[in-house]
Amino acid sequence: VAILKKMKVKIGEGIAGNVALTKKSEIINDVSKDTRFSGRFDQQSGFKTRNILAVPMVVGENQELVGVAEVLNKKDGTNYTQEDQKVLESLSGLAAVSILNAKFNENQRNFFVHITEILVSGIETIRPKFKGRYWKMTQLATLIARTLGMDSKSDGYKDIYFGTLLHDIGYLSSKLRTAIESASDILKQAEIERTHVNEAYEMLEKIHLLKSVALMVKHHHENFDGTGYPDGLKGQNIPLGARIINICEAVENLRYAGNDDQKILKQLELLSGSFFDPELVKIVKEIFENMM
């Protein structure tokens, strides 16, 4: 049975630490004759080491060190060879690239998530009465997505998550805010506010990872019967994510106005087929009933 153990040693400590320091592979076919071998890990694990092949896990021309790979006690009881070393160096090179890629992806995900949180906080600063609304909307939107059978790891699910959080990002546009503040009356202000969807689209569509998000954000004020804006899209021509954002926003607007869940559902049913996708109204009703 092969056993893979993850062990940490300081650079320069023991055989593995020396390989990390020099970035050169080593074959030790009799560890009892090497003073660098302390047997500490043998004592902890109960394993008896006879011989070791250790290679650095490095990437790129600069030989960036990712770690050290060791194999112990060649299976047939013979010594490790230069051929064994070449094989392990090749495998370790592939492993090092995979580890770096995984680390990069995790850093990228961390950056993306926290930047999104910062942007949402910015939107809430400009629209303080809606503080907390974007997270509540996103909770409902992702529940709808899961009810529709979307895997939480799928691109469609992630698009709905980020699209719902960022659907009002257009309000961060200084051009839009200046135009709203300069509007001569409330009607003119409302007319200008409608352009926030186009401002949001222009912000997001430049980001490759958010191109599909940009489209659903642009159309989240389209109505199912074609009476919405900005393009008067109708029915299934409206992106699914946009239809989900639309109904989630309506739920939170109704809740903000003081309506309880029963009244909210009644309003959604009255507007089913006109403002909202009838299938989504049914799903929201099911979600609400399960939560009651």
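The second largest pocket holds about 500 Å³ of space, where a pocket is an open set of points on a 1 Å grid over the protein atoms alone, with protein on both sides within 12 Å along at least five of seven lines, and its lining residues have an atom within 4 Å of a point. A volume is the space filled by probe spheres set on the points, which are joined across faces, edges and corners. Of the 16 residues that line this second largest pocket, Arg109, Phe112, Val113, Lys158 and Phe162 are the closest to its centre. Two or more lining residues are given by helix H3 (82–126) and by helix H5 (155–165), helices being DSSP runs (H or I, at least four residues) numbered from the N terminus; H5 supplies the largest share, six residues.

The model is predicted, so that local features need pLDDT of at least 70 and side-chain atom pairs count only at pLDDT 80 or more, while totals for chains, interfaces and linings use all residues. Residues are numbered from 1 along each chain as its sequence is written, and side-chain values use heavy atoms, with hydrogens and water left out.

Phe112 and Phe162, both among the pocket residues closest to the centre, also belong with Tyr161 to one aromatic cluster. Rings of Phe, Tyr and Trp (its six-membered ring) pair if their centres lie within 6.5 Å, and planes under 30 degrees apart count as stacked, over 60 as edge-to-face and the rest as tilted. The structure holds four aromatic pairs. The ring centres of Tyr161 and Phe162 lie 5.0 Å apart with the planes at 90°, so this pair is edge-to-face. Phe162 counts as buried at 12% relative accessibility, whereas Tyr161, at 27%, counts as partly exposed (buried means under 20% relative accessible area, exposed over 50%, partly exposed in between, with a 1.4 Å probe and protein chains only). Phe275 and Phe276 form another edge-to-face pair, at 6.1 Å centre to centre and 70° between the planes.

The largest cavity has a volume of about 40 Å³.

Ile247 is also one of the residues that touch the most other members of the largest nonpolar core, which has 41 residues; such a core is a set of buried Ala, Val, Leu, Ile, Met, Phe, Trp, Tyr and Cys residues joined through side-chain atoms within 4.5 Å. H10 gives the most to this core, with eight residues.

Key:
1 Å grid on protein atoms, 1.4 Å probe; cavity = no way out; pocket = protein on both sides within 12 Å on 5 of 7 lines; lining within 4 Å.
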